[in-house]
Amino acid sequence: MKNHIRQSLLATTLVLFLASFSGLAQAHDSDRDGDEGHHHHHHCHHHENKLGITLEQHKQFEAIREEEHAQAKPLMKSMFEKHRELREAMNSANPNEDDVLAKAHELSQIHDQLMQLHIQTRFKMRAVLTPEQQQKMSQWKAERKADFDEHSEHRHSEWREDRDRSSDSDGDASGTNIKSSD
């Protein structure tokens, strides 16, 4: 049972980490000064330029991002606090399973709120685009997904080849296979 809880917590942590980067990193970076913020804005402008975004649309995007950031900030603070509480409950000398599960559930609810906020933001931003821009964006995302899938499959095939080679050479350090006689 403890193993199941640990796996659930690990999965929840991973999902929260990925979700926080997917939409909130954009809003967070827009508040930064210096090179990182400049790079981020350059990156956004590059994608906006590919779509032919007008200055008015850009201003609307910034307002939507700021709104998301304002709504997400207290949720993120709460999420990190609940995550800390969960770690403390799990690492206590005698962890209470019901308490740990309750804290994991609370963390999951905050994650759900953040995910809903991110989805709502994406729809608000999409509504700012013209139908032609929406089509360009869909096409661009489909191309990126195809590239990602292709590279991902290539990485997986390399991993499988490496795994198969290492399982074929189960032997001594010289690489010769030593088979035991039964």
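Modeller: What follows is a short tour of the fold, a helix pair, the cores and a cavity. This is a predicted model, where local features need pLDDT of at least 70, side-chain atom pairs count only at pLDDT 80 or more, and totals for chains, interfaces and linings use all residues. Residues are numbered from 1 along each chain as its sequence is written, and side-chain values use heavy atoms, with hydrogens and water left out.

Biologist: How many helices and strands are in the chain?
Modeller: Helices (H or I, at least four residues) and strands (E, at least two) are DSSP runs, numbered from the N terminus. Here the chain has five helices and zero strands, giving the pattern α-α-α-α-α along the sequence.

Biologist: Thanks. At what angle do the axes of helix 3 and helix 4 cross?
Modeller: In general, a packed helix pair is described by the angle between the two axes and the distance between them. The axes are lines fitted to C-alpha atoms, for helices over the stretch in contact, and angles run from 0 to 180 degrees between N-to-C directions. For helix 3 and helix 4, the axes cross at roughly 170 degrees and come within 9 Å. The two helices are therefore roughly antiparallel to each other; angles under 35 degrees count as roughly parallel, over 145 as roughly antiparallel, 65 to 115 as roughly perpendicular and the rest as oblique. Their contact has 17 nonpolar, eight polar and nine charged residues. For these classes, Ala, Val, Leu, Ile, Met, Phe, Trp, Tyr, Cys and Pro count as nonpolar, Asp, Glu, Lys and Arg as charged, and the others, Gly among them, as polar.

Biologist: Which residues touch the most other members of the largest nonpolar core?
Modeller: In soluble globular proteins, nonpolar side chains tend to be buried together. A nonpolar core is a set of buried Ala, Val, Leu, Ile, Met, Phe, Trp, Tyr and Cys residues joined through side-chain atoms within 4.5 Å. Buried means under 20% relative accessible area, exposed over 50%, partly exposed in between (1.4 Å probe, protein chains only). The largest core has 13 residues, and Met 79, Leu 86, Val 100, Ile 110 and Leu 114 touch the most other members. Helix 3 and helix 4 each supply at least two residues of this core, with the largest share, seven residues, coming from helix 3. A second, separate core has eight residues, including Phe 61, Met 125, Val 128 and Met 137.

Biologist: Is Val 128 buried or exposed?
Modeller: Val 128 has a relative accessible area of 16%, so it counts as buried. Val 128 lies in helix 4, and its C-alpha is 9.5 Å from that of Glu 56, 72 residues apart in sequence. Leu 51, in helix 2 (residues 35-51), is buried at 13%.

Biologist: Lastly, what volume does the largest cavity have?
Modeller: Rolling a probe the size of a water molecule over the atoms shows where empty space is left. On a 1 Å grid over the protein atoms alone, a cavity is a set of points where a 1.4 Å probe fits but cannot get out; lining residues have an atom within 4 Å of a point. The largest cavity has a volume of about 40 Å³, and its lining includes Ile 64, Gln 71 and Lys 124.

Definitions and conventions: On a 1 Å grid over the protein atoms alone, a cavity is a set of points where a 1.4 Å probe fits but cannot get out, and a pocket is an open set with protein on both sides within 12 Å along at least five of seven lines; lining residues have an atom within 4 Å of a point. Grid points are joined across faces, edges and corners, and a volume is the space filled by probe spheres set on the points.
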